[in-house]
Amino acid sequence: MAERLSGLSAPWRGVLCLSSGVAAALGLPPLGGWPLAAIGFSLFLFLLAQRQRFGMWGSFGLGWLFGLGYFGFAFHWIAFAFLIEAETYLWMMPFMLGILAGGMALYWGLAAALARRLCADGLSLALGFSGLLAVAEWLRGHLFTGFPWAVPGLIAETMGGLAQIAAVVGMTGLTLAIVLWSSLAYVLLADHARGGRWMALMLAALLPFAWTWGELRLAAASDDMVPGIAFRIVQPNVPQEQKWREDNARAIFEDLLRLSAAPTIERPQGVAGVTHLVWPESAVPFLIDESEVARAELAPLLGGRTALITGAIRLDRSAQPEPAVYNSIVVFDGKAEPVARYDKWRLVPGGEFLPLGWLLEPLGFRRVVETPGDFRAGTGPQTIALPGGITAAMLICYEVIFPGGLLGDGPRPSALINVTNDGWFGRSVGPYQHLAQARLRAIEQGLPVIRAANTGISAVIDSHGRRLRLLPLMQTGVLDSGLPVALASTPYGRWGDGLMLLLVVASLASALALRRPA
């Protein structure tokens, strides 16, 4: 195979790199083709190992093409957002997707170039590339506001108990493990040193061990619920093209009231009724916290005992020179009085603000979500005390894809509450990937996730990442559930990326130790 690959022309190498990236992305949820991901990563390392044909810039180019194939396929669902008002936004689609996928692929190009420069062929290259790609993914999630969507570690979503190791090493550590295990086929075929192959087999044996450990952890999981707490999640399923029309405001609000008041089919034992009602991101197309009419209609629904946690557009009229617009969560008590709020602080590039607006706006580029000016960012993560004696860390939309910066100051919360509107993305893979990342946060932190999504997928996820209740995509309805009990803080929750850093250091040190004279 190495001889055949070394004889390929540059265009064919490029095509194979792109194809390998696409194959790796097929392992992401909901497709779950993790064997194809293993083929993709191993084939790419075969191409990268042809060190006699090109130097660091050539290696960077191969890594960039590999990343372009991966992210181009992984991000294709974003195109659906440009179809909502196609007459305004469709022309922007190829530019925005191309810039996003190509920009994210730069990180992979750098990882490939450094791996080519520092490592020998075989196991050394696999270990070095895995460690460097983990570093690249960590940087991708932190630099320039960060965008850690579709990390390779998410491939573990469809691999049973394997995802449980995120409770120890987090998302980036899981990425290192997935990439390394996916690269071992290359090592077994290409590493001609007997010791390298034996070491590869030993690393491969860790896969079923980790998988089994995860399954045992899931089997030992408790089904206990917090006493006296009953959540109702409302999924109104409002099509995105209808959501912001002023003439739909009354109908949307009435649908939310109707669903919220529907009879409770299942309720936790010992709870008389719903204690906490959750509506999705920007649930109504008006300023609900300023509307006396809305609060008057909410009061009998809440009945003095039920708290409403709703996504809402909020206006700070004290800001100068013009009111500030926030994407927020507002908490109403049982009397429909607003008692707490959280302002989203991680804003979506291209959606809630336009990066390099000074350059792009004159060229005709616009944000997908139109408001008078950009949304303002909140002050940071926040844990809110809710009626009923529980606390929750609030997450709006894609804030749930970040493993760090979830919890505010103070005691550990009882749950993570994530409100979102994935209606922009239709029946694409985007909402499934979004849900998978919310599940990963539950595993990492050992906290349940209560998730309300406008068009789905709404869910109750326990502290081990088990999806206890779920409302499918594009379905109208409610979820009634208790609140799963939180675990004690996980190793990842206590130490963050510290253990991941140890894995990276061990991987890179081993790669350098295995270098042999060419």
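Just past helix H14, Gly446 takes a positive phi of about 70°. Bear in mind that this is a predicted model. H14 itself covers residues 430-445, and 15 of its 16 residues are buried.

**Helix H14**
- From first C-alpha to last, H14 reaches 23 Å, close to the 22 Å expected at 1.5 Å a residue.

- Most residues other than glycine have a negative phi, and most peptide bonds are trans.
- Thr145 counts as partly exposed, at 46% relative accessibility.
- Ser282 also has a positive phi, near 40°, and its place is the loop between strand S2 (276-279) and H12.
- At 6% relative accessibility, Ser282 counts as buried.

**Cis peptide bonds**
- Pro29 to Pro30 is a cis bond with omega near 5°, and Pro30 lies in the loop between helix H2 (10-25) and helix H3 (34-48).
- Gly456 to Ile457 is cis too, with omega near 15°; Ile457 falls in the loop between strand S9 (449-453) and strand S10 (458-461).

**H11 against H12**
- The axes of H11 (residues 249-261) and H12 (residues 292-302) come within 11 Å and cross at roughly 15°, so the two helices are roughly parallel.
- H11 passes H12 in a right-handed crossing.
- On the H11 side, Arg250, Phe253, Leu257, Ser260 and Ala261 meet Val293, Ala294, Glu297, Leu298 and Leu301 of H12.
- By class, that contact has seven nonpolar, one polar and two charged residues.

Technical notes:
Residues are numbered from 1 along each chain as its sequence is written. This is a predicted model: local features need pLDDT of at least 70, side-chain atom pairs count only at pLDDT 80 or more; totals for chains, interfaces and linings use all residues. Side-chain values use heavy atoms; hydrogens and water are left out. Axes are lines fitted to C-alpha atoms, for helices over the stretch in contact, and angles run from 0 to 180 degrees between N-to-C directions. Helices (H or I, at least four residues) and strands (E, at least two) are DSSP runs, numbered from the N terminus. Angles under 35 degrees count as roughly parallel, over 145 as roughly antiparallel, 65 to 115 as roughly perpendicular and the rest as oblique. A crossing is left-handed if the near helix is turned anticlockwise from the far one by less than a right angle, and right-handed if clockwise. Contact means heavy atoms within 4.5 Å. Ala, Val, Leu, Ile, Met, Phe, Trp, Tyr, Cys and Pro count as nonpolar, Asp, Glu, Lys and Arg as charged, and the others, Gly among them, as polar. The expected span of a helix is 1.5 Å times one less than its number of residues. Buried means under 20% relative accessible area, exposed over 50%, partly exposed in between (1.4 Å probe, protein chains only).
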